[in-house]
Amino acid sequence: MKHSVRAVLAIALASGVGACAPPQQMSQRGAAGPVTAGPWHSLFDGKTMDQWRGYRNADISAWHVVDGTITKDTTTSDIVTRTQYANFELEIDWKISKGGNSGIFYRGTEEYDHIYWTAPEFQLLDDANAPDGRDRLTAAGSDYAVYPSPAGIVKPAG
């Protein structure tokens, strides 16, 4: 099984999101777009959602840009990068509302109804006010339920 590699977001992200393009190419799946090779590639220009589409081509109208930040005001489908990446680094600034719980899935495929059936998740969380913040394996910065994050590294919500 080949895996299309995508950054999937389900949270409001601050501008400056980027991913390092892969040194090796990966085969393209369907109409997912080109595989990128080369220097850093910005996933967000602070103004538009041009680098994003809905998971399994779902509607992304609930996602929008406010003050240079990708955000949503309601529960909605996940967004994925239009371009696939093989080996990559992800650099991100993020913020979350009080009690918020979300994440970034990576190395996922679109063959199932939910991205979390195929991808690990980088946890984005308000540790102080969300139940998952009580356990380092599910707290902010963890690879959800796989690798814990160090305690005391996140700022308060907002």
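Is Tyr-116 buried, partly exposed or exposed? Tyr-116 is partly exposed, since its relative accessible area is 49%. On this scale, buried means under 20% relative accessible area, exposed means over 50%, and partly exposed is what falls in between, with a 1.4 Å probe and protein chains only.

Before I continue, a word on the source. This is a predicted model, in which local features need pLDDT of at least 70 and side-chain atom pairs count only at pLDDT 80 or more, while totals for chains, interfaces and linings use all residues. Residues are numbered from 1 along each chain as its sequence is written, and side-chain values use heavy atoms, with hydrogens and water left out.

Let us stay with Tyr-116. This residue lies in the loop between strand 10 and strand 11. Strands are DSSP runs of E with at least two residues, numbered from the N terminus.

Next, the aromatic rings. Rings of Phe, Tyr and Trp (its six-membered ring) pair if their centres lie within 6.5 Å; planes under 30 degrees apart are stacked, those over 60 are edge-to-face, and the rest are tilted. By this rule there are two aromatic pairs. Tyr-112 is partly exposed, at a relative accessible area of 38%.

Tyr-112, Tyr-116 and Trp-117 also make a nonpolar surface patch of about 370 Å². Such a patch joins nonpolar side chains (Val, Leu, Ile, Met, Phe, Trp, Tyr) within 5 Å, from residues with over 30% relative accessible area and no salt bridge. A salt bridge is a side-chain nitrogen of Lys or Arg within 4 Å of a carboxyl oxygen of Asp or Glu.

I turn now to the interior. A nonpolar core is a set of buried Ala, Val, Leu, Ile, Met, Phe, Trp, Tyr and Cys residues joined through side-chain atoms within 4.5 Å. The largest has nine residues, among them Leu-43, Trp-52, Trp-63 and Tyr-85. A second, separate core of five residues includes Tyr-55, Phe-105, Ile-115 and Ala-119.

Finally, the backbone. Most residues other than glycine have a negative phi. Arg-107, however, has a positive phi of about 60°. Arg-107 sits in the loop between strand 10 (101-106) and strand 11 (121-125), and is partly exposed at 35% relative accessibility. Ala-145, in the segment after strand 11, has a positive phi of about 65°.

Technical notes:
Helix = DSSP H or I, 4+ residues; strand = E, 2+ residues; numbered from the N terminus. Patch = residues over 30% accessible without salt bridge, like charges linked within 9 Å, V, L, I, M, F, W, Y side chains within 5 Å. Areas by Shrake-Rupley, 256 points an atom, 1.4 Å probe, with all protein chains shown as cover.
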